[in-house]
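This report covers the fold, the surface and a few single residues of one protein chain. The sequence and the structure come next.

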Amino acid sequence: MSFELTRLGRHVVLFVMAVDAEYGPHLKSRIKPLMTGVGPIEAAIVLSHALTKLQAKNEMPDLIVSLGSAGSRTLEQTEVYQASSVAYRDMDASPLGFEKGCTPFLDHPAIMPLPLRIPGVPEAALSTGGNIVSGAAYDLIAADMVDMETFAIMRCCQLFGIPLIGLRGISDGKAELKHVDNWTEYLHVIDEKLAGVIDRLGNALESGNLAF
């Protein structure tokens, strides 16, 4: 679990990604992220473990940034969006009278807002779950884009009291997925655009246009 905290302005940032396929040369020139593996369970376990170790060393980050790819049937392919909110599409305790998406006995809404904003980066609602969404499966999701980690990362951030920014480049969704190549085809473009957004984040933190 090799990663490095990144200093942007006066802030220390932990970048979190899922897999090496999304981590291209442009990002490699800027950050060394924590790689969690795919899905909400891996994201929660690996990030919680890393933050616990950092906390023991009194080296906690000021900000966590979750970044990588996402699917969307409506958003522009290869463009990068910051998550305005995140929902957990796997959670459904509605047979017991709970709202779909709400975890029973937690005082959280089904859609959790993410209030921090990088100036000039478009926003979109995000849905996290353990399944790959493709084709008609988008009909069941109200959010603009889908991923497999950000909600779990958000819950870790809440536990440790650290703010979160979610960044996702749209890799697929216009056509039904049939092979892993349908996902990886444009990751090199997303890598370059995510790196550009990280530069914007650094400028915003340095200038005070993003404060928390």
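## Overall size

The radius of gyration is taken here over C-alpha atoms, and the globule rule is 2.2 Å times the number of residues to the power 0.38. For 212 residues, a compact globule would therefore have a radius of gyration near 17 Å. The chain has 16 Å, which agrees. Along its principal axes, the C-alpha trace spans about 45 × 40 × 30 Å.

The model is predicted. Its pLDDT averages 91 over the chain, and 94% of the residues score at least 70. Where pLDDT is low, the predicted coordinates should not be read in detail.

## Fold

Five helices and nine strands make up the secondary structure of the chain. Their order along the sequence is β-β-α-β-α-β-β-β-β-β-α-β-α-α.

Of the contacts with a separation of 6 or more, 73% join residues 24 or more positions apart.

## Burial, surface and charge

Of the 212 residues, 51% count as buried. The accessible surface of the chain is about 10,200 Å². Carbon and sulfur atoms supply 54% of that surface.

The chain carries 17 positive and 25 negative charges. Their mean positions lie 4 Å apart.

## Helix α3

Helix α3 spans residues 150-160 and is mostly covered. Eight of its eleven residues are buried. They are T150, F151, A152, I153, M154, C156, C157 and F160.

Just after α3 comes G161, with a positive phi of about 70 degrees.

S127 sits in strand β7 (residues 123-128). Its relative accessible area is 3%. The cut-off for buried is under 20%, so S127 counts as buried. Leaving out residues up to four places away in sequence, S127 touches A87, R89, I141, A143, M145, V146 and D147.

I118 belongs to the loop between β6 (111-113) and β7. Although placed in a loop, I118 is buried, with a relative accessible area of 1%. Its contacts, again without residues up to four places away in sequence, are Q82, I165, L167, V197, R200, L201 and L210. L14 is 104 residues from I118 along the chain, and their C-alpha atoms are separated by 16 Å.

## Positive phi outside glycine

N58 is not a glycine, yet it has a positive phi of about 55 degrees. N58 lies in the loop between α2 (40-56) and β4 (63-71). Is N58 buried or exposed? N58 has a relative accessible area of 72%, so it is exposed.

T78 is not a glycine either, and its phi is positive at about 75 degrees. T78 is found in the loop between β4 and β5 (80-88). What is the relative accessibility of T78? The value is 13%, so T78 counts as buried. Both N58 and T78 are loop residues, but N58 is exposed whereas T78 is buried.

Note on methods:
Residues numbered from 1 in each chain as written. Predicted model: local features only at pLDDT ≥ 70, side-chain atom pairs only at ≥ 80, totals over all residues. Heavy atoms only, no water. Helix = DSSP H or I, 4+ residues; strand = E, 2+ residues; numbered from the N terminus. Buried < 20%, exposed > 50% of the residue type's maximum accessible area, 1.4 Å probe, protein only. Contact = heavy atoms within 4.5 Å. Areas by Shrake-Rupley, 256 points an atom, 1.4 Å probe, with all protein chains shown as cover. Lys, Arg positive; Asp, Glu negative; His and termini not counted. Charge placed at Lys NZ, Arg CZ, Asp CG, Glu CD. pLDDT = per-residue confidence, 0-100.
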